[in-house]
Amino acid sequence: MPAVLAALVATALVVSAFGAEDPATWVLETVWVMLGLPLLILLRRRFPLSGLLCGLLAVHAAVLVVGGHYTYAEVPAGDWVRDWFGLDRNPYDRFGHLMQGFVPAILVRELLVRTSPLRGSRWLAPLTVCACLAFSAVFEMLEWLAAVTGGQAADAFLATQGDVWDTQWDMFCALIGATCSLLLLSRLHDRSLARLTVLTKH
């Protein structure tokens, strides 16, 4: 299953490059997939990931490549949601930042459970959320750097759509995503980790 997901992600990444709305934005939005996928493949034997995490990472990659292809402010599905609910902006960027908390929460949780003494600790959840929020803040600083160096050329990457509170909203969405992920998926993640342990012992 991880091999199939990796092939699907790689295919989606390549396809998304063709006809991308803004090639520079495509690179900036999908660089996480371009770096992360080869890394996971290289580490697949030394540190295989749980099935749940693999699935979530594939979904997150899909969100990134779609945003990269269209730019986050121009994703058609976001336009449909905007028009359907009478919103004043395309909400795909908000969804992307929600996923920026939702999926990394399980990644951080898995790393902490498997490599630290935090398994079963009451500190596992809050430290996981803090790590996700810290990553979101770092990402916002990268966006700030892009704005400073790229000027108006970075508008498609920033996807602020005229919202002066966009940075704060992005971090808040990541916080909500990480919190919801732990509330909804922690038990399922534990079962997925248990299955991984059984598989790696054989």
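**Entry 1**

I began with threonine 71, which lies in the loop between H3 and helix H4 (76-85). The helices here are DSSP runs of H or I with at least four residues, while strands are runs of E with at least two, and both are numbered from the N terminus. I noted that this is a predicted model, in which local features need pLDDT of at least 70, side-chain atom pairs count only at pLDDT 80 or more, and totals for chains, interfaces and linings use all residues. Residues are numbered from 1 along each chain as its sequence is written, and side-chain values use heavy atoms, with hydrogens and water left out.

I looked up the backbone of threonine 71 and found a positive phi of about 75°, although threonine 71 is not a glycine. Its relative accessible area is 4%, so I recorded threonine 71 as buried. For this term I used the cut-offs of under 20% relative accessible area for buried, over 50% for exposed, and partly exposed in between, with a 1.4 Å probe and protein chains only.

I then turned to tyrosine 70, which belongs to helix H3. Tyrosine 70 has a relative accessible area of 34% and is therefore partly exposed. I also looked up a pair involving tyrosine 70: its C-alpha atom is 7.6 Å from that of aspartate 22, although the two residues are 48 apart along the chain.

**Entry 1**

I checked the length of H2, which covers residues 23-42. Its 20 residues should span 28 Å at 1.5 Å a residue, and the end C-alpha atoms are 27 Å apart, which agrees. The expected span is taken as 1.5 Å times one less than the number of residues.

I next asked where H2 is kinked. The kink is centred on threonine 30 and amounts to about 50°. The bend at a residue is the angle between axes fitted to the seven residues ending there and the seven starting there. Threonine 30 is also one of the buried residues of H2, together with Thr25, Trp26, Glu29, Val33 and Leu37.

Glycine 19 counts as exposed, at 64% relative accessibility.

**Entry 2. How the helices pass one another**

I looked up the packing of H2 against helix H3 (residues 51-70): their axes come within 8 Å and cross at roughly 150°. Axes are lines fitted to C-alpha atoms, for helices over the stretch in contact, and angles run from 0 to 180 degrees between N-to-C directions. H2 and H3 are therefore roughly antiparallel to each other. In this scheme, angles under 35 degrees count as roughly parallel, over 145 as roughly antiparallel, 65 to 115 as roughly perpendicular, and the rest as oblique.

The crossing of H2 and H3 is left-handed. A crossing has this hand if the near helix is turned anticlockwise from the far one by less than a right angle, and is right-handed if clockwise.

H3 also packs with helix H5 (residues 92-115), at an angle of about 155° and with the axes 10 Å apart. H3 and H5 are therefore roughly antiparallel as well, and I recorded their crossing as left-handed.

For H5 itself, 24 residues should span 34 Å at 1.5 Å a residue, and the end C-alpha atoms are 34 Å apart, which agrees. I found a bend of about 25° in H5 at proline 104.

**Entry 3. Aspartate 166 and two arginines**

Which arginine side chains does the side chain of aspartate 166 contact? One is arginine 89, at 3.5 Å, and another is arginine 94, at 3.0 Å. Both are polar contacts, meaning a pair of N or O atoms within 3.5 Å; within protein, one must be able to donate a hydrogen and the other to accept it, and residues adjacent in sequence count only if both atoms are side-chain atoms.

Aspartate 166 is in helix H8 (residues 166-201) and is buried, with a relative accessible area of 2%. Arginine 89 is in the loop between H4 and H5, and it counts as buried at 9% relative accessibility.
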